[in-house]
Amino acid sequence: MSFVAEFDKLPLQSWLKRSLSTTSAVARQSLDGSSVSLPDFAHLISPAAGELLEMLCRRSRQLTQQRFGKVIRLFAPLYLSNECINNCKYCGFSRDNPILRMTLSVGDVLREARALTDQGFRNILLVAGEHPKFVSTNYLADCVRALHAEIPSISLEVGPMETLDYRPIVEAGADGLVVYQETYDRAVYAAMHTTGPKRNFDWRLETPERAYTAGFRRLGIGALYGLGDWRLEALSVAAHADYLLRQCWKAQLTISLPRLRPSAGEFEPLTHMSDRELVQLVCAFRLMFPDVGLVLSTREPAKLRDGLIPLGITLLSAGSHTEPGGYTGAGKDKIHRTQRGRIVELGASEWASATDGEIHATGQFEIADERSPHEVADLIRRLGYEPVWKDWDAALTA
Ligand code: SF4
């Protein structure tokens, strides 16, 4: 049975009700238990457990140090392309946004990757919009193959694919696949994804299982907070993680906790999750999943990221650019607009501004933590943790 079948049977509304009406005595019991079930998780993310935040933080910190040591792993996103055939209301790369687009050549990708390895990174996430014409299976496999000798840990965050299409990418050397469901609320999902293959909720939800079958050994999931009710999203992510830990047990699992950031479409979040609630959620995930990696990106401001480091986060991105060519300016000469899948060259006046080197492909969203990777690494050391630039090495499992 795939997670879709299990998901449709989950009593999510009743868990949400339970969460909203939990007393602090019940939340305390779930906090003190030796393991955390999904109903316990509902208690841990309750408003009542919010009153016990200090205790939650203490427990989460202890558990994280026990399981992961005082280590924070660093990674960087490398955007390959901002072409996309989907319209997602919250994303700057949406097909109908008249943004500046570009797809890096394999040589450009290598140049960008070397800029990242020069900064120390050995763990890179290749990111691209969904556009089979520009971002094909062969293209992705070629990019991975070119990087594999220099980068031990390569993951992808790209449009969902068939198992058979994932295989050449795994064979080329990629070991991780990240796919966020964005929202697990079917009605909100339908309203947010107005055109393109991403409208298929079930296909996306089954992606980690297809990726696992194809041979990926690191799987990343998450919701984008700011679309549906955050507690419902968190309960769904927890149920999804629980399922994947049972069914895809050879894989390492990570959960990301992105909150919506401003983007080219100027979409306003539909729901709010406060900083305090984000901290509570990090702790609740840690208590339920002691061995799962928790990921925080540069979407969050520096101060909040620093505060979350000892509380349960194990993977941080740093110094991120969310546009293709963002680290070196590679591929700038190819910048264009795309209409109905066709490249439309920029006008002379737009190129005129390029002469001072100021033209860039459009980024996916604005980042909030603009510190360099070395500033982030220094801060990690000052907090008494060790920054680790590499996440995984296939040689270790050979
Ligand atoms: S969220 Fe992904 S699929 Fe949707 S428009 Fe952005 S890049 Fe495309």
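Predicted model: local features only at pLDDT ≥ 70, side-chain atom pairs only at ≥ 80, totals over all residues.
Aromatic contacts were examined next. The structure contains ten aromatic pairs. In one of them, the ring centres of phenylalanine 3 and phenylalanine 7 are 5.7 Å apart and the ring planes meet at 45°, so this pair is classed as tilted. Both residues belong to helix 1 (residues 3–8), where phenylalanine 3 and phenylalanine 7 are separated by four residues, about one turn of the helix. An α-helix has 3.6 residues a turn, so residues three or four places apart point the same way. Phenylalanine 3 and phenylalanine 7 are both buried. A further pair, formed by tyrosine 189 and phenylalanine 201, is edge-to-face, with 5.0 Å between the centres and 85° between the planes. Tyrosine 189 is part of helix 10 (residues 186–192) and phenylalanine 201 is part of helix 11 (residues 201–205), so the pair ties together parts twelve residues apart in sequence. Because buried means under 20% relative accessible area, tyrosine 189 counts as buried at 1%, and phenylalanine 201 counts as buried at 6%. Ring pairs join Phe3, Phe7, Tyr184, Tyr189, Phe201 and Tyr243 into a cluster.

Charged groups are also found over aromatic rings. The charged end of lysine 70 sits over the ring of tyrosine 385, at 5.1 Å from the ring centre. Over the ring of tryptophan 203 sits the charged end of arginine 210, at 3.5 Å from the ring centre.

Helix 9 was considered separately. Helix 9 spans residues 163–172, and its buried residues are Thr163, Tyr166, Ile169, Val170 and Ala172. Viewed down the helix axis, these buried residues fall within an arc of 165°, so they line one face of helix 9. The exposed residues Leu164 and Glu171 are carried on the face of helix 9 turned away from the buried side. The elements covering the buried residues of helix 9 include helix 8 (137–148), strand 4 (153–157), strand 5 (176–178) and helix 12 (207–214). Glycine 173 follows helix 9 and has a positive phi, near 125°.

Note on methods. Residues numbered from 1 in each chain as written. Heavy atoms only, no water. Phe/Tyr/Trp six-rings, centres within 6.5 Å; stacked < 30°, edge-to-face > 60°. Helix = DSSP H or I, 4+ residues; strand = E, 2+ residues; numbered from the N terminus. Buried < 20%, exposed > 50% of the residue type's maximum accessible area, 1.4 Å probe, protein only. Lys NZ or Arg CZ within 6 Å of the ring centre and 35° of its normal. Arc of directions from axis to C-beta. Contact = heavy atoms within 4.5 Å.
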